[in-house]
Amino acid sequence: MATLSSGSSRRLVQYVIVRSDLIHTLSWPLGAVITQACHAATAAIHLHYSDPDTQEYLAELDSMHKIVLQAPDEASLSALSSTLLEKDIAHKLWMEQPENIPTCLALKPYPKETVQPFLKKFKLFK
């Protein structure tokens, strides 16, 4: 964890939000859904590679922290993406091709307290 000048620590986390209906309603294989989350997380890191928080997150390779949440459906995932765009929260909305449907999104690494308020209504993925 990074240490702030005040001596307190902050936890950098990467949030990944996955549509749970892909498994429970649309009967996607679990492996396919996990792949979507991996794509989104990798893309978010790549797009924001130069960001200081991303670099700090990657420097602590053996202690990276991800939180995977579930969105109930496409509408809730798209609404979250819109909110994050409005609030200037950097993320990647992953679109499955060739269908062009949003399956999940991943934020770049952030201090948990910065982004957690936008994600409170989403539960841990299960």
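Strands β3 and β4 pair in the parallel sense, over six bridges. In this predicted model, β3 also joins β6 through three bridges, and these two strands run antiparallel. Eight of the eight residues of β3 are buried, and the largest nonpolar core, of 17 residues, draws on β3 (12-19), β4 (66-71), α4 (74-86) and β6 (101-107), each of which gives two or more residues.

**Strand β3 and its partners**
- Ile17 stands opposite Leu69 in β4, and Ile17 also stands opposite Leu105 in β6.
- Strand β7 (residues 110-111) is antiparallel to β3 and is joined to β3 by two bridges; in this pairing, Leu12 stands opposite Pro111.
- Both faces of β3 are covered: Leu12, Gln14, Val16 and Val18 are buried on one side, and Val13, Tyr15, Ile17 and Arg19 are buried on the other.

- In soluble globular proteins, nonpolar side chains tend to be buried together.
- Within the largest nonpolar core, the residues with the most contacts are Tyr15, Ile17, Leu69, Leu80, Leu105, Leu107 and Leu119.
- Apart from this core lies another, of 10 residues, including Val18, Val33, Ala41 and Ala44.
- Leaving out residues up to four places away in sequence, Leu69 touches Tyr15, Val16, Ile17 and Val18, as well as Leu119, Phe122, Lys123, Leu124 and Phe125.

**Ile45 in helix α2**
- Ile45 belongs to helix α2 (residues 30-47) and is buried, at a relative accessible area of 14%.
- Beyond its neighbours within four places in sequence, Ile45 is in contact with Gln14, Thr54, Tyr57, Leu58 and Pro109.
- Although Ile45 and Leu107 are 62 residues apart along the chain, their C-alpha atoms are separated by 8.3 Å.

**Cysteines**
- The structure holds zero disulfides.
- Cys38 is partly exposed, at 44% relative accessibility, whereas Cys104 is buried, with a relative accessible area of 0%.

**Aromatic rings**
- The count of aromatic pairs is zero.
- Lys108 lies over the face of Tyr110, at 3.9 Å from the ring centre.

Conventions: Residues numbered from 1 in each chain as written. Predicted model: local features only at pLDDT ≥ 70, side-chain atom pairs only at ≥ 80, totals over all residues. Heavy atoms only, no water. Phe/Tyr/Trp six-rings, centres within 6.5 Å; stacked < 30°, edge-to-face > 60°. Lys NZ or Arg CZ within 6 Å of the ring centre and 35° of its normal. Core = buried A, V, L, I, M, F, W, Y, C linked by side-chain atoms within 4.5 Å. Buried < 20%, exposed > 50% of the residue type's maximum accessible area, 1.4 Å probe, protein only. Helix = DSSP H or I, 4+ residues; strand = E, 2+ residues; numbered from the N terminus. Contact = heavy atoms within 4.5 Å. Disulfide = S-S within 2.5 Å. Pairing = 2+ DSSP bridges.
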